[in-house]
Amino acid sequence: MTAATLLSYDDALARFDPVLGLEVHVELNTASKMFCACPTTFGAAPNSQVCPVCLGLPGALPVLNERAVAAAIRIGLALNCSIAAECRFARKNYFYPDMPKNFQTSQYDEPIAYDGWTEVAVDEAAYRIEIERVHMEEDTGKSLHVGGATGRIHGASHSLVDYNRAGIPLIEIVTKPIIGTGAAAPVVARAYVTHLRELLLSLGVSDVRMEQGSLRCDANASLRLGQDAPFGTRTETKNVNSLRSVERAVRYEICRQAAVLTDGGTVTQETRHWHEDTGITTPGRSKEQAEDYRYFPEPDLAPIAPDVAWVEQLRATLPEGPGRRRSRLQAAWGFSDLDMRDVVGAGALALVEQTIGAGAAPAAAKKWWLTELARRANEQGVELAELPVGPEQVAQVQALIDTGRINDKLARSVFDGLLAGEGTPEEIVAARGLEVVSDETALGAAVDRAIEANPGAADKVRAGKAAAAGALIGAVMAEMRGQADAGRVRDLILAKLSP
Amino acid sequence: MDDTIRASAADLAAAMQAGEMSSVEITQAQLDRIAEVDGDLHAFLHVDADGALATAKRVDDARAAGEAVAALAGVPIAIKDVVVTRGLPTTCGSHILEGWIPPYDATIVTRLRQAGLPILGKTNMDELAMGSSTEHSAYGPSRNPWDLGRIPGGSGGGSAAAVASHQAPLAIGTDTGGSIRQPAAVTGTVGAKPTYGGVSRYGLIALASSLDQAGPVARTVLDAAMLHELLGGHDPLDSTSLDAPVPALVDAVRDADVAGLRVGVVRELGGEGYQRGVRARFDEVVGLLTDAGAEVTEVSCPHFDYALAAYYLILPSEASSNLAKFDAMRYGLRVPPDGVADPSAEQVMAATRAAGFGDEVKRRIILGTYALSSGYYDAYYGSAQKVRTLIQRDFAAAFDQADVLLSPTAPTTAFRFGEKLDDPVAMYLNDIATIPANLAGVPGISVPSGLADEDGLPTGVQVLAPARADDRVYRVGAVIEALLVERWGGTLLARAPSVTGTR
């Protein structure tokens, strides 16, 4: 696997106009699967959430999950789409061990929603993204390739298949060709996926966790000679599974294709694989090798004809637009314009909202997401929402602080534990022994020792210089290894040294 | 024992209700009969004596305790091996499912179990329900009790042979293009294909999803109606199941009358290509119905001429997709490829499917894969669906003129083993009269119409009605049965040679 020759980004943009197309797959958060009653809990023991239907046993038949249809319609409406008066599922036929029926039940030429648009803001500019279609399908199982060095099928000695994911409802959102973005193409691509994620989160239809695969993106890119020139040949880069990677992959493809074209070559129409580690794409299947999926209407399911009244009912459940939502939240939280801009800019609006919803004070919610967690996300090169710490847990950590069981410094250690997957905040506090010492006798003894060891500072406090207590507090906190309530320590010192 | 095994399901149910017989006695009599004669007939792929007797005992106990039981409680039944049965081997007549014990029951099996019908076993069939003779069964053919050198029809030849040879009073069949009705016709039994959606397909190993229907196989129209009522009705596990109550079929049989009924004889389903004796018996039935007060007219369904061609595009297309699940990954046969040290999943799939499927199955998978291919879809699958619409319109127009339609069930009597095995089209033609009903989703019944003079073998007459009017096929079927039994002075099966198991 070697990197292709690349043209510099500036040179590429000087010669070519990029055209994008984005296909986003979203796993819905319905309680049950698309065509059976099996639960959809992430991370359950392999093959514990399966039945004859999602295992593709002979004789089993699908029954459509109405809530998944409702979610698909709401997504369509939120993207300003038309909703099909009647549409059908089709069978996409191909053989693969993690496909239980060896066909995927998916919408094909009759999507539930079509012809929509949405607007994405990048810096000061707004880009209108046209939506081609929103369609429903089922997820496949998951193959685990064992025995190789890379975890890929190549070199593996055998593979294990987990069918828990098979049949989980998926929505595919496909844009029309995105034109006119020029040099901003990679940033627009990232902004679109970010925007879509916020939208889906506000609809409450998906967990949209890219690192868990509940939101997956395929990025199409092509180059043409100018804004009026015909579209060039496109490539489809598969499994671009972080927001940062969306931007990087698009940028990489622009540079790579530009090099090919500048060299007098032609771009091959193919799927390409994105490599997160090396930041490059490599060829997958070409158009000639592309499978013939032999689509035909799924005879085991009746056509879907959403009632107009139902669609209107669903429309009424759509969340408010982004602008109104921000004003409302800003007022409710008492944030300044600057605070609010920081929150939105960090992509933390929904996270902060949910953290507050889970019981934290607005200032505390904002503080954790924009400082401690932002730093860690930055270190790992992921978005805030991609961290394995969620709003619920942040609120739980803050609750521990509010009840005086830990302090801010100990909270950082709790976040370490959460990021390492050590359990709930409560469990981490217990396992790591983080609880502050509230034993007055122990604290009193530590204070006495600090006064004895720092007679100079003690004298100053006695003389009325309360600020000098800092040195004593520091000494006590050091002895207690940070596990004390600094406010309480301060009170004890002042009480003991009061004139 | 002879009286017991020859009794109708309705009579057996009445005898149990009256306390004259127990289900254990009846079930044991059937098991003894199976042990005696099935070596000759090979109607069964699997017999579950213990399970059947246990159910029989439970029903007897319930009855003795004064509990309310279903009408057919305690009447033993045989089930075509296309139907998934929890804990009982289900092969669908194919090596591909050899050794598979399903972990769940088809909805119709659940209904049979809840109603307390002892399940005698699983009956033989053409592999994956593809065929008209059972000669395509991976486990060898079943034999026709009227002539052990001839086919019992197919694909449900096992169920028909079991009922015709008094190994079971009732059986389940499935009908995709005639697999209940054609075996009924050639064995002198009764078989009905319900309206599409009338009986749940959940747990039927799908051949062609838009055509498959399960239905009753019996010796009398009343027995078929009783079983059909038990099987039918909405099933939330089958999205194509009709959300409507089953029509009153038993009432239709008991009040059977054809006076003033408009009977349409389908011009395209008769004449050339139909055996002389089949035609003669059919004409007699038409005469009897006329005498009984029916208004018989001829109707034309011009697009029926294209039904067979459309069927052999739609069926293989759907089948090629339905059968893709047999891939050696999760259940059934697994065959490693020859001479490959470290085979990939794909190679194992290919080797297993090569070894596990018979020629007819492969032929249809290839046909269907081709018909659905990009560039051919419109010409083949697309055109076939258009023909299907035209056939549905033909039916609609015909049912404007007639309340029921009538035709011979099959163009010939039972043929000899091997006669059509090397000529698939000749084999397919045996379903020419039954296929249109599947393409349109309408109900049909086959009842015995007599014996062909030239070979002394059973012939059948088919009654078709509009979708959801299953009661009409039973009404007319019951009248035909009554008139013929009166004329013959007994049932047709009473004239069958006795099968002794000594062959």
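**A glutamine and a sheet in chain B**

Tutor: The side chain of Gln275(B) makes a polar contact with the side chain of Glu454(B), at 2.9 Å. Bear in mind that this is a predicted model.

Student: Where is Gln275(B) found in chain B?

Tutor: In the loop that connects strand 7 (262-266) to helix 10 (276-291) of chain B.

Student: Buried or exposed, that Gln275(B)?

Tutor: Gln275(B) has a relative accessible area of 18%. The cut-off for buried is under 20%, so Gln275(B) counts as buried.

Student: Which residues does Gln275(B) touch, leaving out those up to four places away in sequence?

Tutor: Pro411(B), Thr412(B), Thr413(B), Ala452(B), Glu454(B) and Asp455(B).

Student: Switching to the sheet. What is the strand order in chain B?

Tutor: The order is 1-3-2-4-6-5-10-11-9-7-8, an open sheet of eleven strands with mixed pairing. At the edges are strand 1 (44-47) and strand 8 (295-299) of chain B, each of which pairs on one side only. On average, neighbouring strands of this sheet are turned by 30° against each other, ignoring direction.

Student: In which sense do strand 2 and strand 3 of chain B pair?

Tutor: Parallel, over four bridges, between residues 77-80 of strand 2 and residues 119-123 of strand 3 in chain B. Ala78(B), for one, has Gly121(B) in strand 3 as its bridge partner.

Student: And what does helix 5 of chain B lie across?

Tutor: Helix 5 (residues 107-115) lies across strand 2, strand 3, strand 4 (170-175) and strand 6 (213-218) of chain B. Helix 5 runs at about 170° to strand 2 of chain B.

Technical notes:
Residues numbered from 1 in each chain as written. Chains lettered and ligands numbered in written order. Predicted model: local features only at pLDDT ≥ 70, side-chain atom pairs only at ≥ 80, totals over all residues. Heavy atoms only, no water. Helix = DSSP H or I, 4+ residues; strand = E, 2+ residues; numbered from the N terminus. Buried < 20%, exposed > 50% of the residue type's maximum accessible area, 1.4 Å probe, protein only. Polar contact = N/O pair within 3.5 Å; in protein donor to acceptor, adjacent residues only side chain to side chain. Contact = heavy atoms within 4.5 Å. Pairing = 2+ DSSP bridges. Axes fitted to C-alpha atoms, helices over the stretch in contact; angles between N-to-C directions.
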